[in-house]
Amino acid sequence: MEASRKAAQALVLAAGFAALAGGIAGVVVWRDIESAYLMAYVDGGASRGHAAVIAGLALAVAADGCCLYAASQLRAGRRWPTWLTCGLLIFGLIPAIFGGGTIIAPRFVGDQASAIELGADIAAVTPGWYVPLVTGLALVALCAAALAAMLAAVPQHDT
């Protein structure tokens, strides 16, 4: 396999790992996220926080699984699974740049609180490392996915 395919494969795997690590970070601060939802919602806040953590972990595991599949397909010479996976990751992670929820840390909002208010509550009650870590992991995954998609587009050279 040529160098650009190997690099794309490594980047897809890195994007999946970053997504998974972000989902795991949500599990680590599970109680704090539930507290933030309780602050934002009088009724049903804990169950919304619980659902957000579970959904974040499930989406992160799914993203990692898709990345593993895309990397295996790159090894076999098929590029379209990589483009599809990277596109889904990119659009699922873009809100992290603007402070919104992502596939790594979704936010379930309703009529009582906005995503911005909920984000402020999460930042207030979680440890100081949580928000920068999740945002950084989302940014790493986004950049790795974009670069992997570009490298997968490089035509193969027969030697």
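What follows is a chat about the predicted model shown above.

Visitor: What kind of model is this, and how are residues numbered?
Guide: This is a predicted model, in which local features need pLDDT of at least 70 and side-chain atom pairs count only at pLDDT 80 or more, while totals for chains, interfaces and linings use all residues. Residues are numbered from 1 along each chain as its sequence is written, and side-chain values use heavy atoms, with hydrogens and water left out.

Visitor: How many helices and strands does the protein have?
Guide: The secondary structure comes to six helices and zero strands, where helices (H or I, at least four residues) and strands (E, at least two) are DSSP runs numbered from the N terminus. Along the sequence the pattern reads α-α-α-α-α-α, and the C-alpha trace spans about 65 × 25 × 20 Å along its principal axes.

Visitor: At what angle do α1 and α6 pack?
Guide: The angle is about 160°, with the axes 8 Å apart; axes here are lines fitted to C-alpha atoms, for helices over the stretch in contact, and angles run from 0 to 180 degrees between N-to-C directions. That makes α1 roughly antiparallel to α6, given that angles under 35 degrees count as roughly parallel, over 145 as roughly antiparallel, 65 to 115 as roughly perpendicular and the rest as oblique.

Visitor: And α2 with α5, how do their axes cross?
Guide: The axes of α2 (residues 30–40) and α5 come within 8 Å and cross at roughly 135°, which makes α2 oblique to α5.

Visitor: Switching topic, what share of the residues is buried?
Guide: Buried residues make up 42% of the 159 residues in the protein, with buried meaning under 20% relative accessible area, exposed over 50%, and partly exposed in between (1.4 Å probe, protein chains only).

Visitor: Where is V27 found?
Guide: V27 is found in helix α1 (residues 3–28), and because its relative accessible area is 32%, V27 counts as partly exposed. The C-alpha atoms of V27 and I54, which are 27 residues apart along the chain, are separated by 8.0 Å.

Visitor: Where does W129 lie, then?
Guide: W129 lies in the loop between α5 (115–125) and α6 (130–152), and W129 counts as partly exposed because its relative accessibility is 40%.

Visitor: Which residues form a nonpolar patch with W129?
Guide: I24, V28 and L133 form the surface patch together with W129. Such patches are made of residues with over 30% relative accessible area and no salt bridge, nonpolar side chains (Val, Leu, Ile, Met, Phe, Trp, Tyr) being joined within 5 Å and like charges within 9 Å. A salt bridge is a side-chain nitrogen of Lys or Arg within 4 Å of a carboxyl oxygen of Asp or Glu.

Methods: Accessible areas come from the Shrake-Rupley method with a 1.4 Å probe; for residues, only the protein chains shown count as cover.
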